[in-house]
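These are my notebook entries on a structure of two chains that I looked up piece by piece. I set down each item in the order in which I consulted it.

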Amino acid sequence: MEKGRSYTLKVWRQKNAASRGEFKTYQVNDVSSGSSFLEMLDILNEELTKKGEDPIHFDHDCREGICGTCSLFINGRPHGPEEEITVCQLHMRTFQDGQTITIEPWRARAFPVIKDLVVDRSAFDRIIQAGGFISVNTGAAPDANAIPIARENAEVAMDAAACIGCGACVAACKNASAMLFVAAKISQLAMLPQGKVERKRRAQKMVEQMDKEGFGSCTNTYACSAECPKGIEFTHIARLNREYLTSKFTS
Amino acid sequence: MSWFTETFTSSIGRKLLMSLTGIFLIMFLVIHLLGNLAVFKEDGGEAFNAYSAFMSTNVLIKSVSYVLYLSILAHSVIAAWLWISNKKARPAGYAVSNANENSTWASRSMMLLGSLVLIFIVIHLKDFWWQFKMGGTTDFEIDTLGNKNLYALVAAQFKSSATLVIYLIGLIALAIHLWHGFQSAFQTLGIEHERYTPAIRFLGKLYAVFIPAGFAAMPVYIFFFK
Ligand code: FES
């Protein structure tokens, strides 16, 4: 049997939103190279619980890269060193035996730490809410293909809709800007005939809310796209700029 | 809030102003470089002095120059304003950051580079513009065509090695600033297209290298070959 690996973890511990927080160093042993990053934390937490210590709090849910709940800043990068995956899809084989791994929460004024590595991302929900409703006809489900949509547009909309709202873009951005997230949500509808009526209002309201939440502005470093687990492209940000500016200048 | 303040104080609105002033400054640099090429003419500065006199008396150019001053000012002030709000957006930083993996140094250092460029602009204006505008005719010798001999001032100034170093640092900072800034201005405007964006990016890189290099050639030429 393969010998388990050991890691030194430097983990951000913070009792609650009001307390100061600090790094604590832990040793985990006997980790299989095939285990996921979150399983490795589970192993550590089990030990901590047995010792009567407070386990490390971190967000997770689906553990298969679709819900956007997991959110760890690992060795200086959101979701760790691999491209286009979430932390829950990250495996320990990515790290060398004996390596020191630093784990931090997302850092942004708009994402305050709740406890340890868990941050409050409800700012994203409020941005979505600010976008409001779209008008659709109720009644029987419409026929498929009743509304013609060009394939290219459908593709762009689907790519944008791949955003799982994890906040890695905010975590990666030197300005803690939410532009990629908002851009994905705006693009997703801007490319489709559904929601056309509310198009201008939506762009204005979502950007307004984004600013209100205290996210930074976009310097076009494109760090967001590079770190996005779903590979959302920064071209959507150009579309957001276009949507916002044209809506402002034509309404 | 009125439509105007709401639009231009929003994050995207402020970026729009950065982009528009940036593009104006980019266009200015081309004109500035082309005109100044007169420095290389071996005529004791006559062509250069005639060009300077034209630039400071033509009404149209004079009015555009006020747009230029305003653009430099607005670009700097709004940059500082954005920078402060962006710093506030992340009050607590990361202990370990591996930003080189996801973005270029230039794109993350626009404030530093821009500040260097601004300091350079102030020095540059003090060296020539201030003297030319504020210095009376008595401070200048008059060349054979009857124009203020700005060329003599330029030639004397560029003979100093300190000036040469300051100009080279300023221009390198400008080059890196533009390396990111050129395409960034278009992204902010929302100009993004499969076909045109690669061309804009390529043009931006060419511009970032050749325009500052063209400017740098002037002090270098005078320092070493005059
Ligand atoms: S836990 Fe759902 S995406 Fe990671």
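**Conventions.** I worked from a predicted model, in which local features need pLDDT of at least 70, side-chain atom pairs count only at pLDDT 80 or more, and totals for chains, interfaces and linings use all residues. I number residues from 1 along each chain as its sequence is written, letter chains from A and number ligands from 1 in the order in which they are written, and take side-chain values from heavy atoms, with hydrogens and water left out.

**Chain A.** I looked up the secondary structure and found eight helices and seven strands; helices (H or I, at least four residues) and strands (E, at least two) are DSSP runs, numbered from the N terminus. The C-alpha atoms of chain A fill a box of roughly 60 × 40 × 35 Å along the principal axes. Of its 251 residues, 53% are buried, where buried means under 20% relative accessible area, exposed over 50%, and partly exposed in between (1.4 Å probe, protein chains only). I noted an accessible surface of about 11,500 Å², with 50% belonging to carbon and sulfur atoms; such areas come from the Shrake-Rupley method with a 1.4 Å probe, and for residues only the protein chains shown count as cover.

**Chain B.** I recorded nine helices and zero strands for chain B. Its C-alpha atoms fill a box of roughly 60 × 40 × 40 Å along the principal axes. Among its 226 residues, 44% count as buried. Chain B exposes about 12,100 Å², and carbon and sulfur atoms supply 73% of that area.

**Interface.** I then turned to the place where the chains meet. The contact (heavy atoms within 4.5 Å) takes 48 residues from chain A and 37 residues from chain B. The size of an interface is often given as the accessible area lost when the parts come together. Chains A and B bury about 3,500 Å² between them, 53% of it on carbon and sulfur atoms; buried area is the accessible area (1.4 Å probe) that two parts lose on being put together, summed over both. On the chain B side, Ile12(B), Tyr94(B) and Gln187(B) lose the most area to chain A, together 19% of what that side buries.

**Cores.** A nonpolar core is a set of buried Ala, Val, Leu, Ile, Met, Phe, Trp, Tyr and Cys residues joined through side-chain atoms within 4.5 Å. The largest one has 44 residues, and Val170(A), Val182(A) and Phe215(A) touch the most other members. Several elements each supply at least two residues, including helix 6 (199-212) of chain A and helix 2 (11-36) of chain B. Helix 5 of chain A gives the most, with seven residues. Leaving aside neighbours within four places in sequence, I found Phe215(A) in contact with residues including Phe111(A), Phe124(A), Met210(A) and Ala89(B). Apart from this core lies another, of 35 residues, among them Phe120(B) and Ile200(B).

**Two residues.** Thr188(B) is found in helix 8 (residues 161-189) of chain B. Beyond four places in sequence, Thr188(B) touches residues including Asn220(A), Leu245(A) and Lys15(B).

Ser247(A), in helix 8 of chain A, also counts as buried, at 1% relative accessibility. With residues up to four places away not counted, Ser247(A) touches Lys200(A), Ala203(A) and Gln204(A).
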